[in-house]
Amino acid sequence: MKIKMLNNETINKIAAGEVIIRPVSVVKELVENAIDAGANHISVMIEAGGKNQIVIRDNGCGIAYNEIPLAFKRHATSKLTTIDDLETINSLGFRGEALSSVSAVARVQVTTRNENEEVGSFTSFEGGMLINQRVCSYNQGTEIKVWDLFYNTPARRKHMEKDKKEEGLIRNLMNKIALSHPNIAFQVKCNGRSVLDTPGSGKVIDVVNVLYGWEEGNNLIAVDYENSPMKLGGFIGNLKMMRNHREDQIFFINGRYIKNPQLAQALDEAYMGYTMKHQHPFGIIFIELPGRMLDINIHPAKTEIKILNESLICLLFKQGIRETLRGANLVVNIGDGK
Ligand code: ADP
Ligand code: MG
């Protein structure tokens, strides 16, 4: 076989496959964009687990009429200029890949008005191509509608799960996003039914109460700990809130939801002496670390995060949780956990 250059359409579809794996990937990317746009009200409406339709609406800064075509091109971003910016970046996106990827594998309509413009615009895309753009009146903010996901990539379409499963993934994601952005009011509707409605009060506890109910809220211990270079916030459960699973161990580093088995292990270990084997404490924990201790540029989905000097951080983390437990006057004696 001869070596040849791939055409742009093929390159884009392959790249899109890395970012947009299933409906929840679309929701994640578009909601993160809405957050980056400074919205304090974001609604997500999905039909059939996102397989039929996904609509994300925000009241953020909006996109200017003549920047729309660029926003949907690969590697086009307003958030990053040089590689040095990565160290200090505090936006969720920076790769400039989401809009181009979504539009490469679905049909997309955008209605938006930029904060500095008098009129809004309506634009439609199909298979990554801009089909139609016109001005229209619209409130400040953006609404993106995505449907026929993977209509042109049958292999991906076949791999989507049942509606309920895809819906579950989206709800799970939105719960975590809502926890880490208590200042934003989130509304999520699945097939027209409201499944999440947070007040946007700025208080994490208000979101926790929406998710877990007031009853559980009474069993929470606030975490407020500092041991340079790490700061901890959030809530851990008392001994009534032990679980036999780890689904309610949720970690955020610098506001970003992350998965990290070492931290989960450290949380379990911090409860040593309080708990029985195979029990996992409840924890919604916000960790703050200097950006230089992290490498977030590790995977497009970005839930994996590389912590430099991870074992030290886990140790500090464990200490912080143990001190919090000590301060909470739990009736059980502290065992030999360090
Ligand atoms: P990234 O988020 O990595 O910059 P995206 O492809 O997700 O890349 O978006 C490209 C650009 O489009 C963003 O940098 C931003 O300027 C603009 N944009 C996307 N979504 C929104 C939105 N909801 N509101 C305002 N601007 C947006
Ligand atoms: Mg983005």
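**Helix packing, domains and the ligand shell**

The crossing of α2 and α7 is right-handed, a crossing being right-handed if the near helix is turned clockwise from the far one by less than a right angle, and left-handed if anticlockwise. This is a predicted model, in which local features need pLDDT of at least 70 and side-chain atom pairs count only at pLDDT 80 or more, while totals for chains, interfaces and linings use all residues. Residues are numbered from 1 along each chain as its sequence is written, and chains are lettered from A and ligands numbered from 1 in the order in which they are written.

Helices (H or I, at least four residues) are DSSP runs numbered from the N terminus. Helix α7 spans residues 163-180, and its axis lies 8 Å from that of α2, at an angle of about 25°; axes are lines fitted to C-alpha atoms over the stretch in contact, and angles run from 0 to 180 degrees between N-to-C directions. The two helices, α2 and α7, are therefore roughly parallel to each other, a term for angles under 35 degrees. On the α2 side the contact involves Pro23, Val24, Val27, Lys28 and Val31, and on the α7 side Glu166, Leu169, Ile170, Leu173 and Ile177; residues are in contact if their C-beta atoms, placed from the backbone, lie within 7 Å. Eight of these residues are nonpolar, two are charged and none is polar. Here Ala, Val, Leu, Ile, Met, Phe, Trp, Tyr, Cys and Pro count as nonpolar, Asp, Glu, Lys and Arg as charged, and the others, Gly among them, as polar.

The largest contribution, four residues, is that of α2. Of the 24 residues around the ligand, Asn33, Ala37, Thr77, Gly93 and Ala98 come nearest, where a residue counts if its C-beta atom, placed from the backbone, lies within 6 Å. The shell has nine nonpolar, nine polar and six charged residues.

The chain is divided into domain 1 (8-197) and domain 2 (219-327), with bounds from an automatic or database domain assignment. Their centres, taken over C-alpha atoms, are separated by 29 Å. Eleven residues of domain 1 are in contact with ten of domain 2. On the domain 1 side, α1 (8-19), α4 (85-88) and α7 each give two or more residues.

A further helix pair is formed by α9 (residues 261-270) and α10 (residues 310-327), whose axes come within 9 Å and cross at roughly 35°. This crossing of α9 and α10 is right-handed.

Notes:
Parallel < 35°, antiparallel > 145°, perpendicular 65-115°, else oblique. Contact = placed C-beta atoms within 7 Å.
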